[in-house]
Amino acid sequence: MLGEFKDFIAKGNVMDMAVGIIVGAAFTAIVTSMVGDIINPIIGLFTGGIDFTNNYAVLAGDVPAGASLDAAREAGASVFAYGAFIMAVINFLIIAFVVFMLVKYVNKVKSLAEKPDEVAPEVHTGPSEKDILIEIRDALRTR
């Protein structure tokens with residue numbers, strides 16, 4: 001069992017996957033910052049600063065009117081936090097679009113960087129064995 005584990009770890013795919021996970025974690029921080037610090041404020045500028053995060057419905061418990069979602073949760077009330085879900089969906093769509101655009105750009109750069117395969121010039125090698133035998137046959141017929 002230890003030998004199988006060693007073989008599994010030694011495979012290149014496992015190392016590639018580990019590097020991908022590490023880079024993905026770092027990339028997640030960049031995309032999260034881009035969405036939260038750059039894109040959401042721009043969208044908020046156009047929508048008048050709409051933020052659904054504090055929209056909720058109280059299912060059970062007492063919550064003062066106008067209290068934030070965090071305050072309602074701290075009061076021990078059972079809340080249906082539909083606003084936080086809406087913001088999570090909006091953030092997901094923004095992040096998915098940003099990642100799509102980045103992947104599209106990387107693929108475009110990658111395709112531009114690849115050189116087309118060089119086509120070897122056609123070399124005339126002379127007559128084939130079949131052509132020579134046909135010539136010999138024709139020469140013998142004319143005698």
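Visitor: What does Tyr 82 count as, at 35% relative accessibility?

Guide: Tyr 82 counts as partly exposed (buried is under 20% relative accessible area, exposed over 50%, partly exposed in between, with a 1.4 Å probe and protein chains only). Before we go on: this is a predicted model, where local features need pLDDT of at least 70, side-chain atom pairs need pLDDT 80 or more, and totals for chains, interfaces and linings use all residues. Residues are numbered from 1 along each chain as its sequence is written, and side-chain values use heavy atoms, without hydrogens and water.

Visitor: How many aromatic pairs are there?

Guide: Rings of Phe, Tyr and Trp (its six-membered ring) pair if their centres lie within 6.5 Å; planes under 30 degrees apart are stacked, over 60 edge-to-face, the rest tilted. The count here is one. Phe 80 and Tyr 82 have ring centres 6.3 Å apart and planes at 35 degrees, so this pair is tilted. Phe 80 is partly exposed too, at 49%.

Visitor: Which residues form the nonpolar patch on the surface?

Guide: A patch takes residues with over 30% relative accessible area and no salt bridge, joining like charges within 9 Å and nonpolar side chains (Val, Leu, Ile, Met, Phe, Trp, Tyr) within 5 Å. Here you'll find Leu 59, Phe 80, Tyr 82, Phe 85, Ile 86, Val 89, Ile 90, Phe 92 and Leu 93, with about 880 Å² of accessible area together (Shrake-Rupley method, 1.4 Å probe, only the protein chains shown counting as cover for residues). Helix H4, residues 82-113, gives the largest share, seven residues (helices are DSSP runs of H or I, at least four residues; strands are E, at least two; both are numbered from the N terminus). Phe 92 sits in helix H4 and is exposed at 55%.

Visitor: Which residues make up the largest nonpolar core?

Guide: A core is a set of buried Ala, Val, Leu, Ile, Met, Phe, Trp, Tyr and Cys residues joined through side-chain atoms within 4.5 Å. The largest has seven: Tyr 56, Ala 67, Leu 69, Ala 72, Ala 77, Val 79 and Ala 81. Apart from that core lies another, of five residues, including Val 31 and Ile 94.

Visitor: Where is the salt bridge?

Guide: Side chains of opposite charge can pair when their charged atoms come close. The whole structure has one salt bridge (a side-chain nitrogen of Lys or Arg within 4 Å of a carboxyl oxygen of Asp or Glu). Arg 137 and Asp 138 form it, with their closest N and O atoms 3.3 Å apart. Arg 137 is partly exposed at 40%, and Asp 138 is partly exposed at 34%.
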